[in-house]
Amino acid sequence: MNSPLRLSLTPPGPVDLPRVLGTGFGLGEPSTRREGEAFWRATRVTTGPVTIRAQLQQEQIAIELWGAGRDEAVERLEGWLGFFDQPQALVPKDDVVARAQKRHPGLRLSRGFDIFEVLLPTILGQRVTGREA
């Protein structure tokens with residue numbers, strides 16, 4: 001499986017890939033990288049490891065996948081890219097939230113591939129000793 005599986009997805013609305021797919025766990029987080037306008041993600045699904053490259057090209061998101069888990073990962077791509085988020089459902093009751101919503105129309109909440117890989121860095125990032133607090 002040296003050659004990638006290539007596909008193109010049409011987002012349901014504006015998608016700000018840097019905000020949706022940004023590393024989020026800090027500069028040293030090894031499973032996600034940004035290379036120019038492309039985002040790389042290494043993860044593991046039940047059928048094996050997968051490497052994903054996503055890049056916005058005009059109105060489409062070009063995707064390339066490598067690895068044993070690539071077919072399973074294809075089924076989860078829309079969630080990872082935030083396609084199931086419904087930004088119009090957010091009715092801000094606070095001016096700060098309303099301004100942020102207008103400034104970032106392509107911000108969507110994405111779904112992780114695995115709960116462990118989402119929770120572990122989040123929990124570790126929140127670990128603060130009493131002295132540091």
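These entries go from the ground rules to the helix, then to the rings and the salt bridges.

**Ground rules.** I am working from a predicted model, where local features need pLDDT of at least 70, side-chain atom pairs count only at pLDDT 80 or more, and totals for chains, interfaces and linings use all residues. Residues are numbered from 1 along each chain as its sequence is written, and side-chain values use heavy atoms, with hydrogens and water left out.

**Helix α2.** I took helices (H or I, at least four residues) and strands (E, at least two) as DSSP runs, numbered from the N terminus. For burial I used under 20% relative accessible area as buried, over 50% as exposed and in between as partly exposed (1.4 Å probe, protein chains only). Which residues of α2 (70-80) are buried? I found R70, E72, A73, L77, G79 and W80. Seen down the axis, they fall within an arc of 160 degrees, so they line one face of α2; the arc is that of the directions from the helix axis to the C-beta atoms. The face turned away from the buried side carries exposed D71 and E75. After α2 comes G82, with a positive phi near 85 degrees.

**Rings.** I paired rings of Phe, Tyr and Trp (its six-membered ring) if their centres lie within 6.5 Å, with planes under 30 degrees apart as stacked, over 60 as edge-to-face and the rest as tilted. I got one aromatic pair. The centres of W40 and W66 are 5.4 Å apart and the planes are at 15 degrees, so the pair is stacked. W40 is in β3 and W66 in β5, so the pair ties together parts 26 residues apart in sequence.

**Salt bridges.** My rule was a side-chain nitrogen of Lys or Arg within 4 Å of a carboxyl oxygen of Asp or Glu. That gives four salt bridges. R6 and E64 meet at 3.0 Å, N to O. R6 sits in β1 and E64 in β5, so this pair ties together parts 58 residues apart in sequence. R53 also bridges to E64, with the closest N and O atoms 3.5 Å apart. I noted R6, R53 and E64 as a linked network of salt bridges. R53 and E64 are both buried, while R6 is exposed at 58% relative accessibility.
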